[in-house]
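Take a walk through the model below.

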Amino acid sequence: MGSYPKTVRLRDGTEVTLREVGLDDLERSHRFFLSLPEEDRLSLRLDPSHIENFRVRFEPSDAQDHWRLIALAGGEIVAEAALHQPRYGWARHTGELRCVVSPAFQGKGLGSILFAEIYQEATRRRIERLYGLVLREQQAAMRISEKLGFRAELVLSDHLRTPGGELKDMVVMTVNIRDLWRRLEDLMHTMDGQGRERH
Amino acid sequence: MIRYPKAFKCGNGKVVAVRPLTRDDLFMLCEFFGGLPAQDRLHLRVDVTDRDIVERRLDPPPHWNVLRLIALHGDRIVAEASIEHRSFGFSAHVGEIRVIVAPDFRRTGLAGYLCRQLLAHGIAENLEKIEARLMEDQPAVIRFFEKLGFQRDGILKDFVKDIEGHNHDLLIMSLRT
């Protein structure tokens, strides 16, 4: 694990390529985020409606504390996983993860594969506590996180304002990295040899 | 728009000048941080004895709006306080406030004065919620923010690692403007 690009086969036999995001992925990545349901975009706290705002993610300052991995099929992005770790300071042992899979690629084990990749990177960076923010109403995302060992630890009320002006609560889901690995191993095991890395 | 510098008479009888921090203040800022008791530095977000980190933080991160105020007594910084928020995005209405005061200027009303200046700035910037993040084992600081009207949102366990490598729980408090 850890060297990219690499090809993985999903539960239904589909092959996707994983690699770190590059500067020339701006438009591809923008298309991907525009294609997502609004709920996912909100949860990612990313407004792709203006490409200028979106460009931030491709600035050198972003790369200093973010690690971004994309999954591609047919030349288009079908999922993205990102890990944010402060470079210094009292939270340097924590990492925020964001993971989004396009609806057409959900339910195939791609999320678990991306979490395993994030786990590897987080371990390399000596992260001890991982967390993610989800909208309080996104029950499905919370259930998936709980399966991976995350638990809802804190509610940030009115933390997000939708483009329509509505305020929404976000839940901070947290996990100890060791607990995440145990759950991931179980999940990978139940994939029965599929969803594994292929060289 | 609040105009600076402003003079504030502290409870210890000393008058300080309050104004935004500039790049020219780096030396004084390092002296201020270096003069804090070691126990206090454990409670700070970054290792302020590292001059590179202090210098890097003089420039706000891209796409963040930051106001950092300092209180000067003569040519010595005796307090530093800041408020910051994202310049765009879905959480641009949420700000974060921080304050650090030299031991001989605590319980003089200075921290409260600085925070009220920053809260007024936050309101002018249309912030609707202002957060404070601190370690759970700082009862005096917690009481200070409660007096300003902040409420406890909750705890994130072991989310703080101090400069000696010990973990602490992170308390998040917030105020609705």
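This is a predicted model: local features need pLDDT of at least 70, side-chain atom pairs count only at pLDDT 80 or more; totals for chains, interfaces and linings use all residues.

Residues are numbered from 1 along each chain as its sequence is written, while chains are lettered from A and ligands numbered from 1 in the order in which they are written.

Start with the overall dimensions. The C-alpha atoms of chain B fill a box of roughly 40 × 40 × 35 Å along the principal axes. The radius of gyration of chain B is 16 Å, which agrees with the value near 16 Å for a compact globule of 177 residues. It is taken over C-alpha atoms, and the globule rule is 2.2 Å times the number of residues to the power 0.38. Of the 177 residues of chain B, 32% count as buried. Burial counts other C-beta atoms, placed from the backbone, within 10 Å of a residue's own: 20 or more is buried, 12 or fewer is exposed, and in between is partly exposed. Contacts are pairs of residues whose C-beta atoms, placed from the backbone, lie within 7 Å. In chain B, 57% of the contacts with a separation of 6 or more link residues 24 or more positions apart.

Now look at strand S5 (residues 94-101) of chain B. 6 of its 8 residues are buried, so the strand is largely enclosed by the rest of the structure. Strand S4 (residues 76-86) of chain B runs antiparallel to S5(B), joined by 7 bridges. Pairing requires at least two DSSP bridges between the strands. B:Glu80 stands opposite B:Ile100 in S5(B). S5(B) also pairs with strand S6 (residues 129-135) of chain B, in the parallel sense, over 3 bridges. There, B:Glu96 has B:Glu131 in S6(B) as its bridge partner. From S5(B) the chain crosses through helix H4 (residues 110-124) of chain B to S6(B), a right-handed β-α-β crossover. Right-handed means that, with the strands pointing away from the viewer, the path from the first strand over the helix to the second runs clockwise.

B:Arg107 lies in the loop between S5 and H4 of chain B. Its phi is near 55°, a positive value in a residue other than glycine. B:Arg107 counts as partly exposed because it has 14 C-beta neighbours inside 10 Å. B:Asn126 is in the loop between H4 and S6 of chain B. Phi of B:Asn126 is near 65°, again positive in a residue other than glycine. With 11 C-beta neighbours inside 10 Å, B:Asn126 counts as exposed.

A cis peptide bond joins B:Tyr4 and B:Pro5, with omega about 0°. B:Pro5 is in the segment before strand S1 (6-9) of chain B. In chain A, a cis peptide bond joins A:Tyr4 and A:Pro5.

Next comes the contact between chains. 25 residues from chain B and 25 residues from chain A take part. On the side of chain B, the largest share, 9 residues, comes from strand S7 (residues 151-161) of chain B.

Finally, confidence. Chain A averages a pLDDT of 87, the predictor's confidence in each residue, from 0 to 100.

Conventions
Two residues are in contact if their C-beta atoms, placed from the backbone, lie within 7 Å. Helices (H or I, at least four residues) and strands (E, at least two) are DSSP runs, numbered from the N terminus.
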